[in-house]
Amino acid sequence: MKEAHVKGASDRDGLHCAEVEVQTSDAHNPDLLAYFGRSQDNDYDMVAVVRSDARPDADWYDNSLHQAYADVTDELFDTPTMKTDWGERESFKEQVLSYPGVRADIRRLMDWS
């Protein structure tokens with residue numbers, strides 16, 4: 001991961017989430033959006049990771065020719081046997097949350113003190 005910053009709040013599948021823009025060094029997934037919701041242990045659960053192929057000049061919405069935002073959570077963290085690699089998923093989540101300012105910005109944004 002190269003950089004992460006909180007973009008804002010949004011609802012994802014009926015859950016109020018913080019949206020974090022993540023820039024990676026992975027050529028296949030350079031720009032991702034990670035969605036975080038509140039967890040029961042007063043931290044944050046990573047709800048989904050979405051590939052952002054949007055171009056602001058043309059892709060402010062998904063269209064039939066191009067899906068600007070595709071959920072890649074399973075693609076990123078599933079093993080060849082189609083089971084979630086929880087260690088890798090947790091590692092990614094912690095890298096994002098540990099990036100300077102991200103956890104604090106999520107807390108302020110979501111008003112969770």
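By how many helical turns are Glu90 and Lys93 separated in helix H2? Being 3 residues apart in that helix, the two are separated by about one helical turn. Their side chains meet in a salt bridge (3.6 Å, N to O), a salt bridge being a side-chain nitrogen of Lys or Arg within 4 Å of a carboxyl oxygen of Asp or Glu. Glu90 is partly exposed at 39% relative accessibility, whereas Lys93 is buried, with a relative accessible area of 9%. Here buried means under 20% relative accessible area, exposed over 50%, and partly exposed in between (1.4 Å probe, protein chains only).

The structure is a predicted model, in which local features need pLDDT of at least 70 and side-chain atom pairs count only at pLDDT 80 or more, while totals for chains, interfaces and linings use all residues. Residues are numbered from 1 along each chain as its sequence is written, and side-chain values use heavy atoms, with hydrogens and water left out.

The protein contains 3 helices and 5 strands; helices (H or I, at least four residues) and strands (E, at least two) are DSSP runs, numbered from the N terminus. Along the sequence, these elements follow the pattern β-β-β-β-β-α-α-α. Of the 113 residues, 36% count as buried. The protein exposes about 7,100 Å², of which carbon and sulfur atoms supply 46%; accessible areas come from the Shrake-Rupley method with a 1.4 Å probe, and for residues only the protein chains shown count as cover. Among contacts (heavy atoms within 4.5 Å) between residues at least 6 apart in sequence, 35% join residues at least 24 apart.

The 5 strands form an open sheet in the order E1-E2-E3-E4-E5, with antiparallel pairing; two strands pair if DSSP finds at least two bridges between them. Strand E1 (3-12) and strand E5 (69-71) are the edge strands, each pairing on one side only. From one strand to the next, the twist averages 30°, where axes are lines fitted to C-alpha atoms, for helices over the stretch in contact, and angles run from 0 to 180 degrees between N-to-C directions. Helix H2 (residues 86-98) packs on the sheet and touches E1, strand E2 (15-23), strand E3 (31-38) and E4. The direction of H2 makes about 90° with that of E4. Helix H3 (residues 102-110) likewise packs on the sheet, touching E1, E2, E3 and E4, and its direction makes about 25° with that of E1.

Within the sheet, E1 and E2 pair in the antiparallel sense over 9 bridges, and the bridge partner of Glu3 in E2 is Gln23. The hairpin of E1 and E2 has 2 residues between the strands, and Asp13 takes a positive phi near 50° there. E2 and E3 run antiparallel and are joined by 6 bridges; Glu19 stands opposite Tyr35 in E3. Strand E4 (residues 44-52) pairs with E5 in the antiparallel sense over 3 bridges, and Arg51 stands opposite Ala70 in E5.

Side chains of opposite charge can pair when their charged atoms come close. In this model, the count comes to 6 salt bridges. One of them is formed by the side chains of Asp43 and Arg103 (3.1 Å, N to O). Asp43 lies in the loop between E3 and E4 and Arg103 in helix H3, so the pair ties together parts that are 60 residues apart in sequence. Asp43 is buried, with a relative accessible area of 18%, whereas Arg103 is partly exposed, at 21%. Asp43, Glu94 and Arg103 are linked in a network of salt bridges. Leaving aside its neighbours within four places in sequence, Asp43 is in contact with Gly37, Arg38, Lys93, Glu94, Leu97 and Arg103.

A further salt bridge joins the side chains of Arg51 and Glu75 (3.3 Å, N to O). Because Arg51 lies in strand E4 and Glu75 in helix H1 (residues 73-77), this pair ties together parts that are 24 residues apart in sequence. Arg51 is buried, with a relative accessible area of 16%, while Glu75 counts as exposed at 51% relative accessibility.
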